[in-house]
Amino acid sequence: MTNHWNDLANSDCILAMGANPASNHPISFKWVMKAKDNGATLISVDPRFTQTSSKADIYTSLRSGTDIAFLGGMIKYIIENEKYFKDYVVNYTNAAYILGDKYDFKDGLFSGFDAEKRAYDSSSWAYVLDEKGIPNKDLTLQDPKCVFQLLKKHYSRYDMDTVSKVTGTPKDQLLKVYEAYAATGVPDKAGTIMYAMGWTQHTVGVQNIRAMCIIQLLLGNMGVAGGGVNALRGESNVQGSTDAGLLFHIYPGYLPVPSASVPTLADYNKKFTPVTKDPRSANWWQNRPKYMVSFLKTMYGDVAKPENEFCYAWLPKLQDGKSYSWLDLFDAMYRKEISGFFSWGQNPACSGGNSNKTRQALANLDWMVVVNLFDNETASFWKGPGMNPKKIKTEVFFLPCAASMEKEGSISNSGRWVQWRYKAQNPAGKSKPDGDIIVELFNEIRALYKKPGGAFPDPILNLKWDYATNHAFDPHKVAKAVNGYFLKDTTVGDKTYKAGDLVPAFAMLKDDGSTSSGNWIYCQSYNNEGNNMARRDNSDPSGIGLYPKWAWCWPVNRRIIYNRASVDPTGKPWNPKKPVVEFVGEVKDGKYVSQKWKGDVPDGPWYPLKNPDGTAREDGKLPFIMKPDGYGSIFGPGLKDGPFPEHYEPLECPVEKNLFGAQLINPVAVTYKTDKDVRMTCDPRFPFVGTSYRVTEHWQTGVLTRWLPWLIEAQPQVFVEMSEELAKLRGIQNGEKVIVESPRGSLEAVALVTKRFKPFKIHDQEIHEVGLPYHYGWVWPAEGGDSANLLTASVGDPNTRIPESKAFMVNVRKKGV
Amino acid sequence: MAGKSFFIDTTKCTACRGCQMACKNWNQNATVPTKNQGSYQNPPDLDGSTFKLVRYSEQEVDGKPAWYFFPDQCRHCLEPPCKDTIEGYVQGGVVQDEATGAVVYLEKSKEAPFDEVRSSCPYDIPRKGKNGQIVKCTMCIDRVSNGLLPACVKICPTGAMNFGDREAMLKLAQERLEKLKGKYPKAQLIDADQIRVIYLVVDEPRKYHKNAIASVNPGFIRKLLAGGLRKRDWV
């Protein structure tokens, strides 16, 4: 979330699309309802009428996998009806940038596509630079080569008729949504988006969100109270896990993981430290070397020195051109390239696309260690459906671990609040907190590297590892290391810090080895003022629900990021009724003469772009400080599948043609080639669109919740929701067990026949969609059913490689037919 | 009798079922084996270990889907017919708490004929618990008399469940009704002057649940009973 949960209450229009927050983020509705009480409009767009829809002022449906068509139509509506917030667009976005002559979009493809490699060369997506190296701009937005005009041209194809034919959303309802949301494109209104896996889990997942980012920038909804682009994370600490570098391509604090072709720290800094020629751009990532060196000092302590590049060479590197995402790992496992696997706090046999492939992949391992609370389909895969235990050689070790309430530590919510939690009770039996398991494991590994020894021992033997107290994992020691220390006496301004003092905030981190920080964005979370994550002061001087002393929020306790975009170029709030920040420096002769902001922690202390008399300041800074150029990206040349979102059909879809262009599917989508990677488009055997989702009562694959009697009583079995029309077509009665099957697998589910699903009119044909929750598995309960991911495919988004679990093709039939 | 009341604003209920779980948790109630019967609603009905149940009802309004949620529970009638029925057979089987107005069944309620007690309830609430005692929502009398909110109210994230002094709840309910009337002409408070659990609905009450509204005015039943006419005689 760029904003945070409480801030939803500030919104004038809440779009819930790609998410069903009433079911899956129930507490969010505390704030959604407050917004509604204040007159906000709630819009729910979902293939099926959900609990969220039941509370919405406007509900409309769309076929799964057609969000870009829907949003592309909204972009066209906003531009053609001049609903965009012009001052914001001109001053704070790259709409005025001029593109080079080579940029083009034709037949569904952007310029630079290499059909053989199935990849884009993005060099033709570059801007025209002036003599100083700054992109040329046309502030009138009239130049046919400027981003704004190219945007207009790109989405001119997204007319109501075509959008409606693709999405199945009736035209009058499209218009209703467009009108309501576009009404927030004025200074004193804010619209927000609540999205979740309904947008991310597609082969166009990132572009779904990019489309909304474009809308939010056009309407001036970024950085303001009640606005933003808000990802509702699918697990209570998944924000924390990405912050801490759980993914293969990032180290803590979003530092890219280098590949083998980046052998030295100097190379790394050169490759990953962006530069700008525009003095008004803060270009915050220019500080990357400080964060990388401070990270290396946390990893390797005193051994990390300038003369050995702080042991950069010891960091594991990726193989160039190779990916190590979830889909890639299980593909490699299936192809017997991986022989050992730690399944820690997850249940991949049910959680990802194409569970039959995953389950078979586990059978190809020599060993697997499962760390979890309860038995699950991964740990017991060898005795699961279709498996012959006698023939499976995988040796499985199960380590029981503690639940969240049985250990102390931090949890980072979707709104980036890092909240400290105390231990409520001791872990049951011999189960242990994850931290203790890791400490014991590493101590043993290190002992083995000492004797008998092993390949490349240096990073193991020299790892700084002092996180235990009385031989047990100490979360405070880890939290302090994550925050970071001064490693020598340091004077900043009039204050001197001693070696061993905690660093107050990341602005003081250095690239010379004099500071450490395990994760720069968490610097300030635990400093000499104490454990800021444990703060519980619920005062709100802001009046807009920032609660600055409740827990702590990254970065530097900034509750709404890009908040400098909430003010006009002179530093005054666009919406004075809900100010996030305001520049209140002294004024002399129409010019600011002192530097002072009030409100939220601003995105940097610098002066605003202009003085009160309208004159430009050379020391003013642009609001989007994490972008090298300081502007919000309406044009986004950094992605693998194009600078503007384009509608492509899901990799399995019910149509033969893409009505927007010649290219049916995302040309650079991630696919795999094993015998388990089968897909069928427009195959009469699999005529219905399928999607997967969640219910309130269960969490993820249900490893925790399926064992809780009250929850399993309320949602005991996997079900498949379908329209009354489809049930009639297939002779299915509500409540009877049916077979749902895809080209990859099948499962039994209870038919839930409902008015809340309706057939779609797609390309003038009637198309049915069904949906299933994915929380179940064969281990428990006996009658619960199995995972909906038996149906989904192992195909992914080219940028994130997330599986496309939200749109695939299935058949539904009565049992025995 | 002032006492306490609930105000349940169904327009804010998202069917998260926090109330249903909190009720089970506070009362440490067991579960029954369930199956999905083509609905989200489970257990299918109130039972000896389910005192609070979110009921789901799919409707179509002007050709558009609507999904009504009704967190069902004992209404704690101002003049509870079940109390009269039980007391017709046994003393000390039920109390009506003076301070709150909560109607609470005691162990001796098992000496009253269950079917008769159940059918005397205009909302079909009483159920037979383990050991034969008749059971239902207690208004969390143990919590409320210690200054806490009922468990279902405490957990509700949206403001659907409210609890407090009766006058305050009636006022809140009336204000909310006034606000919604314009948009929903059928908006109403159900049986507000008879019971302590005041539901606000925006459509005909029976579209939410067949027993959302009393089939016979509970005051009327009480008068019949007071007149010596037992329900079994006039049904």
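Which residue lies over the face of Trp550(A), and at what distance from the ring centre? Arg536(A) does, at 5.1 Å from the ring centre. The legends below describe this contact and other close-up views of a predicted model, in which local features need pLDDT of at least 70 and side-chain atom pairs count only at pLDDT 80 or more, while totals for chains, interfaces and linings use all residues. Residues are numbered from 1 along each chain as its sequence is written, chains are lettered from A and ligands numbered from 1 in the order in which they are written, and side-chain values use heavy atoms, with hydrogens and water left out.

**View 1. Charged groups over aromatic rings.** A charge sits over a ring if NZ of Lys or CZ of Arg is within 6 Å of the ring centre and within 35 degrees of the ring normal. In chain A, Arg536(A) is placed in this way over Trp550(A). In chain B, the charged end of Lys136(B) sits over the ring of Tyr105(B), 5.1 Å from its centre.

View 2. A pair of aromatic rings is described by the distance of the centres and the angle of the planes. Rings of Phe, Tyr and Trp (its six-membered ring) pair if their centres lie within 6.5 Å; planes under 30 degrees apart count as stacked, over 60 as edge-to-face and the rest as tilted. Over all chains, the structure holds 60 aromatic pairs. One of them joins Phe70(B) and Tyr199(B), which are stacked at 4.2 Å centre to centre with 20 degrees between the planes. Phe70(B) lies in strand β3 (residues 64-72) of chain B and Tyr199(B) in strand β10 (residues 197-201) of chain B, so the pair ties together parts that are 129 residues apart in sequence. Helices (H or I, at least four residues) and strands (E, at least two) are DSSP runs, numbered from the N terminus. Phe70(B) has 0% relative accessibility and counts as buried, a term that means under 20% relative accessible area, against over 50% for exposed and in between for partly exposed (1.4 Å probe, protein chains only). Tyr199(B) is also buried, with a relative accessible area of 0%.

**View 3. An aromatic cluster in chain A.** Ring pairs link Tyr97(A), Tyr103(A), Tyr127(A), Tyr155(A), Tyr158(A), Tyr631(A), Phe635(A), Phe644(A) and Phe660(A) into a cluster.

**View 4. Strand β35 of chain A and its partners.** Strand β35 (residues 808-814) of chain A has five of its seven residues buried, so it is largely enclosed by the rest of the structure. Two strands pair if DSSP finds at least two bridges between them. Strand β28 (residues 688-693) of chain A runs antiparallel to β35(A) and is joined to it by three bridges; here Val689(A) stands opposite Met809(A). Strand β30 (residues 737-742) of chain A is also antiparallel to β35(A), with four bridges. Across these two strands, Glu741(A) has Asn811(A) as its bridge partner, and Val740(A) stands opposite Val812(A).

**View 5. The hairpin of β30 and β31 in chain A.** Five of the six residues of β30(A) are buried, so this strand is largely enclosed by the rest of the structure. Six bridges join β30(A) to the antiparallel strand β31 (residues 745-754) of chain A. The two strands form a hairpin with two residues between them. Within the pairing, Lys737(A) stands opposite Val750(A).

**View 6. A three-strand open sheet in chain A.** The strands follow the order β15-β16-β23 (chain A), and the pairing is antiparallel. β15 (409-412) and β23 (552-553) of chain A stand at the edges, each with a single partner strand, so one side of each is left without a neighbour in the sheet. Strand β16 (residues 417-421) of chain A is joined to β23(A) by two bridges, and Val418(A) has Trp552(A) as its bridge partner.

**View 7. Helix α1 of chain B.** Gly18(B) lies in helix α1 (residues 18-27) of chain B. With 12% relative accessibility, Gly18(B) counts as buried. Gly18(B) and Phe163(B) are 145 residues apart in sequence and 16 Å apart in space, C-alpha to C-alpha.
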